[in-house]
Amino acid sequence: LQLAEKLVRDKHYGSAETARYRVQSDDPRLDADATAELLEQFRDFFEGFWQGPLELEPYDKTSRVFLLYSFHKYNQLLGGDFRFSKFRPQGHYGSSYDVISMHSDSAGGEGATPDGLIHEATHQLVDQTIFGGLRSAPIWLSEGLASYFGYTRFDGEEFHPGVAGGKTVAIFRGSRGTAGGGARNQLKDFHRSRKLFERINDDLLVEHLLAVDTAGGFYGEQPQLHYAGSWLLVHTLLHAESGRFRAGFERYIALEAAGQGGPAVLYGEIGLDPDGLQAAMDRHVKKIKTR
């Protein structure tokens with residue numbers, strides 16, 4: 001937290017604070033007030049989305065958000081591990097210190113930042129309100145939910161569950177938002193990496209995703225497949241076949257949060273075996289369009 005404060009204050013420092021978020025940035029293009037307001041709107045949507053099926057834990061702490069202009073400073077904040085890596089994350093939620101950090105100097109630039117911001121805010125809310133800060137969600141579930149909400153269409157007034165797209169919101173001065181390029185690119189990445197996976201592996205993709213249980217395995221090997229596949233698996237479990245699997249998926253999430261989850265529990269709660277889930281995902285992905 002101290003390093004983040006130091007890095008963000010050295011140039012073009014700006015900040016905004018709302019009821020539940022404090023945004024600090026050194027990016028002179030950023031509208032900190034609009035950024036904090038987007039996060040507030042998302043927080044309301046997230047809580048309403050799970051109202052009823054899941055009992056969310058109270059989380060009243062002001063969320064700290066640091067949006068750095070350069071990847072260089074962001075990399076310093078993360079310890080310098082990504083300097084020579086092909087994998088260059090745009091954002092990070094540190095569960096141990098409960099802070100969201102991002103950089104806006106990235107592929108996709110201004111258009112990708114609102115999606116990335118919601119992605120990281122989801123990590124925080126899943127960690128703090130669903131899992132209560134007591135344990136971590138399986139990696140596929142954590143990244144799948146973060147990508148699902150990160151790619152949920154926002155028209156400037158409300159989020160649209162199940163609709164993959166961009167955010168019509170101007171968190172950068174002069175920007176008019178994005179038309180869903182991040183979601184569209186993830187779909188393309190999925191189809192490319194899926195074909196490669198099928199050529200070199202004998203197991204089902206869904207079984208592979210559920211079996212990846214280390215950070216090195218998820219982010220170090222085939223990260224595009226893992227990100228895109230996790231997103232589309234969550235989308236399937238929430239929306240395929242008119243929401244047929246959603247109730248079972250929500251029961252599974254609750255059991256994971258209680259330390260009683262695992263792949264077998266997921267299959268049991270949704271009433272499918274791995275082959276059935278893979279077939280359902282394959283059918284559903286073909287229907288997803290981006291806006």
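1. Helices here are DSSP runs of H or I with at least four residues, strands are runs of E with at least two, and both are numbered from the N terminus.

2. The model is a predicted one, in which local features need pLDDT of at least 70 and side-chain atom pairs count only at pLDDT 80 or more, whereas totals for chains, interfaces and linings use all residues. Residues are numbered from 1 along each chain as its sequence is written, and side-chain values use heavy atoms, with hydrogens and water left out.

3. On burial, the terms are as follows: buried means under 20% relative accessible area, exposed means over 50%, and partly exposed lies in between, with a 1.4 Å probe and protein chains only. E207 therefore counts as partly exposed, at 34% relative accessibility, while D275, at 52%, counts as exposed.

4. Both residues belong to a negative surface patch, which is formed by D202, D203, E207, D273 and D275. A patch takes residues with over 30% relative accessible area and no salt bridge, and like charges are joined within 9 Å; Asp and Glu count as negative, and the place of the charge is taken as CG of Asp or CD of Glu.

5. A salt bridge is a side-chain nitrogen of Lys or Arg within 4 Å of a carboxyl oxygen of Asp or Glu, and a search of the whole structure finds 17 of them. The side chains of D10 and K73 meet in one, at 2.7 Å from N to O. Because D10 lies in the loop between helix 1 (2–9) and strand 1 (14–17) and K73 in helix 3 (residues 71–77), the pair ties together parts that are 63 residues apart in sequence. D10 counts as exposed at 53% relative accessibility, but K73, at 11%, counts as buried.

6. D115 and K167 also form a salt bridge through their side chains, at 2.8 Å from N to O. This pair links distant parts of the chain, with D115 in helix 4 (residues 109–130) and K167 in the loop between strand 7 (159–164) and helix 6 (181–200), 52 residues apart. Both D115 and K167 are buried.

7. Helix 10 (residues 246–257) has 12 residues and reaches 16 Å from its first C-alpha to its last, close to the 16 Å expected at 1.5 Å a residue, where the expected span is 1.5 Å times one less than the number of residues. Its buried residues include F249, Y252 and I253, and the helix is followed by G259, whose phi is positive, near 80 degrees.

Technical notes. Patch = residues over 30% accessible without salt bridge, like charges linked within 9 Å, V, L, I, M, F, W, Y side chains within 5 Å. Areas by Shrake-Rupley, 256 points an atom, 1.4 Å probe, with all protein chains shown as cover.
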